[in-house]
Amino acid sequence: MVGNLLIVMTVVVSPTLDAPMYFFLGYLSFMDAVYSTTVTPNMIIDLLYEKKTISFQGCMTQLFIGHLFGGAEILLLVVMAYDRYVAICKPLHYLTVMNKRVCVLLLLLAWVGGFLHAVVQLLFVYNLPFCGPSIIDHFICDMYPL
């Protein structure tokens, strides 16, 4: 957590880190920091207490947030791979291809893709029959503790 926040702070504060690679790296660290805060606190509480229950809404919220940040993070890694491809294969055109507008659009594309992925996952799981503690209920909620 501290390392990710330190990377974000360094990229934001330092004027020499203005390249698209650092722009994406800063957002990747930000996503990673926020993603870890969605699951870790409740997991620590569950480890300390005997009763490990979660409401249906809490479980669905955690499922959505986990897939939102996980999907966006994976798509951002794909965007970063494209950035490196352009830097290596077209070095003379790099600054015209990867300008600030394109970087912001690619970042928005990663967020929208993560959102769509999370909605699709939620729609699949939401229609499953949940009637008390079942195997599916425990599998989903233990996999994504809130």
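1. Among contacts in the protein between residues at least 6 apart in sequence, what percentage join residues at least 24 apart? The figure is 78%, where contact means heavy atoms within 4.5 Å.

2. The model is a predicted one, in which local features need pLDDT of at least 70 and side-chain atom pairs count only at pLDDT 80 or more, while totals for chains, interfaces and linings use all residues. Residues are numbered from 1 along each chain as its sequence is written, and side-chain values use heavy atoms, with hydrogens and water left out.

3. The protein has six helices and zero strands; helices (H or I, at least four residues) and strands (E, at least two) are DSSP runs, numbered from the N terminus. Along the sequence the pattern is α-α-α-α-α-α. Of the 146 residues, 32% count as buried. Buried means under 20% relative accessible area, exposed means over 50%, and partly exposed lies in between (1.4 Å probe, protein chains only).

4. Two packed helices are described by the angle between their axes and the distance between the axes. Axes are lines fitted to C-alpha atoms, for helices over the stretch in contact, and angles run from 0 to 180 degrees between N-to-C directions. The axes of helix H2 (residues 20-48) and helix H5 (residues 100-126) come within 10 Å and cross at roughly 25°. H2 is therefore roughly parallel to H5, a description used for angles under 35 degrees, with over 145 counted as roughly antiparallel, 65 to 115 as roughly perpendicular and the rest as oblique.

5. The crossing of H2 with H5 is right-handed. A crossing has this name if the near helix is turned clockwise from the far one by less than a right angle, and is left-handed if anticlockwise. On the H2 side the contact is made by Pro 20, Phe 23, Phe 24, Tyr 27, Phe 30 and Met 31; H5 contributes Lys 100, Cys 103, Val 104, Leu 106, Leu 107 and Trp 111. These residues divide into 11 nonpolar, no polar and one charged. Here Ala, Val, Leu, Ile, Met, Phe, Trp, Tyr, Cys and Pro count as nonpolar, Asp, Glu, Lys and Arg as charged, and the others, Gly among them, as polar.

6. Helix H3 (residues 56-89) also packs with H5, at an angle of about 145° and with the axes 7 Å apart. This crossing is right-handed. The contact residues comprise 21 nonpolar, six polar and no charged.

7. The unreviewed UniProt entry lists residues 63-82 and 102-124 as "transmembrane region"; such annotations may be inferred rather than shown by experiment, and positions are given in the numbering used here, with feature names shortened. In the model, residues 63-82 are 100% helix and 0% strand, with end C-alpha atoms 29 Å apart. Residues 102-124 are also 100% helix and 0% strand, and their end C-alpha atoms lie 33 Å apart.

8. Not counting residues up to four places away in sequence, Ser 29 touches Asn 4, Ile 7 and Val 8. The C-alpha atoms of Ser 29 and Asn 4 are separated by 4.8 Å, although the two residues are 25 apart along the chain.

9. Gln 62 lies in helix H3 and is buried, with a relative accessible area of 2%. By contrast, Asn 99, in the loop between helix H4 (94-97) and H5, is partly exposed at 32%.
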